[in-house]
Number of protein chains: 2
Amino acid sequence: MENELIKLAQKCKIASRKLAALDTNSKNILLTSMAESLNNSRDKIIAANETDLKAAEEKGLSGALVDRLRLNDDRIDSMINAIKEIVQLNDPVGEIESVKTRPNGIQVGTIRIPLGVIAIIYEARPNVTSDAAALCIKSGNGVILRGGSEAFNSNVAIVEALKSGIEESAVSPDILTFIPTTDREAMVELLKLEEYIDLVIPRGGEGLIRFVSQNSRIPVIKHYKGVCHLYVDKDADLELALNLLIDGKTSRPAVCNALETLLVHKDIADIFLPAAASVLKKKKVEIRGCGRTIEFIPDAKAATEEDYYAEYLDLIIAVKVVEDYDEAVEHIAKYGSNHTDVIATRNIFTARKFIKDVDSSSVMVNASSRFADGGELGLGAEIGISTSKLHAYGPMGLEALTTKKFIVFGEGQTRHNVEL
Amino acid sequence: MENELIKLAQKCKIASRKLAALDTNSKNILLTSMAESLNNSRDKIIAANETDLKAAEEKGLSGALVDRLRLNDDRIDSMINAIKEIVQLNDPVGEIESVKTRPNGIQVGTIRIPLGVIAIIYEARPNVTSDAAALCIKSGNGVILRGGSEAFNSNVAIVEALKSGIEESAVSPDILTFIPTTDREAMVELLKLEEYIDLVIPRGGEGLIRFVSQNSRIPVIKHYKGVCHLYVDKDADLELALNLLIDGKTSRPAVCNALETLLVHKDIADIFLPAAASVLKKKKVEIRGCGRTIEFIPDAKAATEEDYYAEYLDLIIAVKVVEDYDEAVEHIAKYGSNHTDVIATRNIFTARKFIKDVDSSSVMVNASSRFADGGELGLGAEIGISTSKLHAYGPMGLEALTTKKFIVFGEGQTRHNVEL
């Protein structure tokens, strides 16, 4: 397997060089052809998916997991539409920036280029196969996909369809490479191929992400979890704050930009907490609070230290009453996950300070944490969210899949006088 | 040692948060005070350096290495001036970019922030101690220094001086942390502290860099070597090309942006190569060429495959006559090191194609490879050169020591309609 993996990665790297040089029109034609091919392969994909579904049911996977795995015409439509939307996105490759002329007359600038080859390691959802492939290809990158075992047959069928859409183009179908095994040892081997793979993006649970980042010699974009905070300042507009709380906690509790912890300034706790409790209860949210929280919400559960670290992804919220702004910021620094944190305040000085003091990848003033999403922030589609600071930080769109190289134009300038 | 290292790194991380929030004026005052303190500690530093020099001579280090190690008043002046130049540089932290208003009225932008804590692992030259510390601090980052054993006493004295310059400021001297051992095991322990250190930059030989990147859980900025090419196209201005060749090869052969390989289009080889050989010989450069090179330079040595991979850092050049442009580009892709590659051509189409086809971190048209340097490219000082594409690519100035977070301002916008 090791040699086979090297060969696959090598081929992808070689093919990616041609892809990197394609202009945007050619890449868009390629993506459109991939979308059409997906459309023409519906039957095969759904048949393969049924094999996966059967196996999942036999294995006794939960209903929610089986549902995530399921493909039907609607879901294939979504995959096709996602590719079409990626066709519409602005291509960052080739953008020239900050061109300056130096005192000696050389002109210096930077130009955006693809990273090369990106490996995506993911779990259940088969739609990641087409979404990730399309984003990587639009940004000029070769892509190596390693999906989970539950969706193996579905993934193989999707990749076959996508690859047949590449066949008649100017580049080799090797730009899209699927790892034909879900074996963990093979994944570890893959993560050593730094010569051919430029970036690894794991998408899935914390366990998968830790495993990948501890075993990889290739740079990894990490997103462990989203423990997002709303801090309701003493100068907050309390109705506005309540709206942010309810949207953040209840509009979709299972996603990473949902709120997990509410921090409330002590000066307004007596008004805000009872009002919040009443709406949270109506929405069936369990409240776990500190001692002072329980003074205002007597039927709240007592929060433990673990509650403040928890990413519930469920209708539960941890609540803490803080002495002052500083305690709120310290709490976020200690328990937060560098994902998204929100302040509700009318006070411009406090807002400006919060922007500076909180170093999460998305910091929001009077807006819902649920906007921490590539689409909502205007990046177009999103390949993931990075909560570590290297290369990309926060929601990653196409630009995060590129880098910049320096370009220099001269008329023969040399650094020292040359005597021939 | 392990626990001690963790404590040091932890303290640096905590101190770095205050540093990150300092405005540019405060950071400049801090740096100026560090420079003054260096000036006041000359005697101590020179005395410590003498201990290192004596040990180096006893160990039988080469004259060049001993010279690199030596500190005198002139070299301390240079260190002080380097800090003063860093004071003058534009501070990237706080720059707000690409602010857009989304259809729902939220305002989305990005703001530059420091990375956090940067570890610099370096070899002989003691001036790296003050240069790297100043660059990291100017960009708002805590810095952990781990120097080589040859310069240990010099480094300790420099760090003491710099830290006493921090003492009277708003931040803790912990922002500058020196690892008090040159033990390899301790370095390996340091490279595991991903919780406290955000980036590792190794500066030194290929062995050190490979060791660091293979043992690090923290992202590493890599720069293995500079195998820089000059391709003299059939449409080149030959006198211009000769100037680039001589500047690139002979102005400072021991640096990474010096030329190592000359590629010559076959159509102009008969004119260019004899002219090049005559000047190269005058400059005492040894020529190692392919078969066709030797036709035009009969006394050239025969080049082996290894010659085309070699970073000579010496007065030696590998030469190859190529069939056409494509062969030149393929050669660079195969043997190059993603550092700097140059084309000499009058033809705008060939120049534009070269910019696209060669994915080195600096690609130059009719300008010397020796300009691949932070100062020459206008970045101000340089902390290193990255030849891998993640996070930074090419010469790294202050901006490469920062990242961007998303900021969002709203008036209570939510993603879904909230019913209270």
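Modeller: Before we start on this predicted model, a residue counts as buried under 20% relative accessible area, as exposed over 50%, and as partly exposed in between.

Biologist: Okay, so where does B:Phe152 fall, and what is its relative accessible area?

Modeller: B:Phe152 has a relative accessible area of 25%, so it is partly exposed, whereas B:Phe178, at 12%, counts as buried.

Biologist: How many aromatic pairs are there over all chains, and how are the rings of B:Phe152 and B:Phe178 placed?

Modeller: The count over all chains is eight aromatic pairs. For B:Phe152 and B:Phe178, the ring centres are 5.9 Å apart and the planes stand at 45 degrees, so this pair is tilted. Because B:Phe152 lies in helix α7 of chain B and B:Phe178 in strand β5 of chain B, the pair ties together parts that are 26 residues apart in sequence.

Biologist: And what about B:Tyr231 and B:Tyr325?

Modeller: Those two form an edge-to-face pair, 6.3 Å centre to centre with 65 degrees between the planes, and both B:Tyr231 and B:Tyr325 are buried.

Biologist: Switching to chain A, which residues of helix α14 are buried?

Modeller: In α14 of chain A, the buried residues include A:Tyr325, A:Val329, A:Ile332 and A:Tyr335.

Biologist: What does A:Tyr335 link up with through ring pairs?

Modeller: Ring pairs join A:Tyr335 with A:Tyr308 and A:Tyr309 in a cluster, and the charged end of A:Lys320 sits over the ring of A:Tyr308, 5.8 Å from its centre.

Technical notes
Residues are numbered from 1 along each chain as its sequence is written. Chains are lettered from A and ligands numbered from 1 in the order in which they are written. This is a predicted model: local features need pLDDT of at least 70, side-chain atom pairs count only at pLDDT 80 or more; totals for chains, interfaces and linings use all residues. Side-chain values use heavy atoms; hydrogens and water are left out. Buried means under 20% relative accessible area, exposed over 50%, partly exposed in between (1.4 Å probe, protein chains only). Helices (H or I, at least four residues) and strands (E, at least two) are DSSP runs, numbered from the N terminus. Rings of Phe, Tyr and Trp (its six-membered ring) pair if their centres lie within 6.5 Å; planes under 30 degrees apart count as stacked, over 60 as edge-to-face and the rest as tilted. A charge sits over a ring if NZ of Lys or CZ of Arg is within 6 Å of the ring centre and within 35 degrees of the ring normal.
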